Amino acid sequence: MTPTTLTRPAAVLSGRDAYRAELTELAALDPRIVCLEADLGGKKHPFQLAHPDRFFNLGIAEGAMIDMATGLAAAGYRPFVSTFAPFAALRAAESLKLTLGYLQAGVTVVAPYAGVSGAWFGTTHHCLEDLAVLRSVPGVAVAAPYGEAETRAVVREAALTGTPTYIRTGRNAAYTSLPGSGADGIPPVVWDARGDADTPCLVSVGEEGTRLALAARERRPELAHAHLVHLDHARLARSAAELAGLHRRFVVVEEHRAEGGAAEALALLLPGSEVVGVNAGHDWPYEGGDHHEVLARLGLTTDAVLAAATP
């Protein structure tokens with residue numbers, strides 16, 4: 001049989017659209033894959049159009065959606081569920097803990113609108129705590145991909161392995177993944193630029209953390225830059241092992257609170273290094289607005305990254 005060649009659009013997709021496109025393609029090859037949404041899909045969700053018998057819109061009942069996915073996983077399916085990050089990681093936290101952690105059910109949670117990417121919706125739709133919640137549940141794979149290729153890669157991995165997984169994305173921002181990441185899997189550290197041990201090394205996490213790190217290197221190209229996709233303890237420990245000894249000062253850039261984020265975890269994993277975090281801090285983003293405007297009010301700017309990289 002001649003392999004089928006999948007034709008993809010030339011334009012780069014946002015993280016949430018890349019998830020939907022990849023899952024729709026994978027489901028054509030794997031009848032176990034089912035898609036559950038909490039009233040986020042709209043009328044033209046590609047999975048619903050291609051596989052209507054395996055698409056379920058549960059409405060704004062996030063905990064029930066996770067519980068339903070648990071039953072489907074027990075029956076041999078590979079369920080993927082998606083809703084706003086604050087409602088997945090926080091509103092449905094108990095169901096996530098029991099499903100992904102205690103039961104180790106093969107459920108993948110894809111959470112768009114992470115951080116303050118849903119800025120116009122206001123404080124109730126912001127989520128700067130999800131990594132802290134999910135990283136604290138043993139056995140859960142946690143990923144924050146940057147760009148279409150990485151998003152597709154983590155979705156493929158989850159579909160192949162059936163490992164309990166949490167994937168965070170933004171809203172509509174579309175980025176091109178860094179070279180060396182995506183097509184053939186994702187290494188523990190995706191190197192954008194290396195330097196000697198005395199060179200400060202930016203460590204980027206997620207969509208906006210990576211955007212800011214890349215912008216900082218445009219202004220100071222001598223900086224090193226290591227990008228991390230997988231943030232669960234087991235794989236973050238492997239990343240830390242690769243980083244250890246290569247640089248003495250690390251600046252971790254992430255759209256998350258300081259508590260429970262990647263910087264805090266790396267500081268424990270790299271006791272011989274200086275680890276500085278550029279993150280959302282402790283303020284509440286109580287005003288809506290453009291995504292980048294809200295990030296700036298929280299102190300997540302290129303200037304803040306460059307200041308942190310200067311001893």
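Modeller: Let's say that two residues are in contact when heavy atoms lie within 4.5 Å of each other. This is a predicted model, by the way. With that cut-off, G63, I66, D67 and T70 in α3 meet S95, L96 and T99 in α5. Sort the residues of this contact and you get two nonpolar, four polar and one charged. Now for how the helices sit. Two packed helices are described by the angle between their axes and the distance between the axes. Here α3 (residues 62–74) and α5 (residues 93–102) pack at an angle of about 15°, their axes being 8 Å apart. Angles under 35 degrees count as roughly parallel, so α3 is roughly parallel to α5. The crossing of α3 past α5 is left-handed.

On to the salt bridges, where the count comes to 17. In one of them, D17 pairs with R20, and the closest N and O atoms are 3.9 Å apart. Because D17 and R20 are three residues apart in helix α1 (residues 15–27), about one helical turn separates them. D17 is partly exposed, at 33% relative accessibility, while R20 is buried, at 11%.

Another salt bridge joins R152 to E25, with 3.5 Å between the closest N and O atoms. That pair links distant parts of the chain: R152 is in helix α7 (residues 148–161) and E25 in helix α1, 127 residues apart. R152 and E25 are both buried. They also belong to a network of salt bridges that links E22, E25, E148, R152 and R156.

How values were computed:
Residues numbered from 1 in each chain as written. Predicted model: local features only at pLDDT ≥ 70, side-chain atom pairs only at ≥ 80, totals over all residues. Heavy atoms only, no water. Axes fitted to C-alpha atoms, helices over the stretch in contact; angles between N-to-C directions. Helix = DSSP H or I, 4+ residues; strand = E, 2+ residues; numbered from the N terminus. Parallel < 35°, antiparallel > 145°, perpendicular 65-115°, else oblique. Left-handed = near helix turned anticlockwise from the far one by under 90°. Nonpolar A, V, L, I, M, F, W, Y, C, P; charged D, E, K, R; others polar. Salt bridge = Lys/Arg side-chain N within 4 Å of Asp/Glu carboxyl O. Buried < 20%, exposed > 50% of the residue type's maximum accessible area, 1.4 Å probe, protein only.
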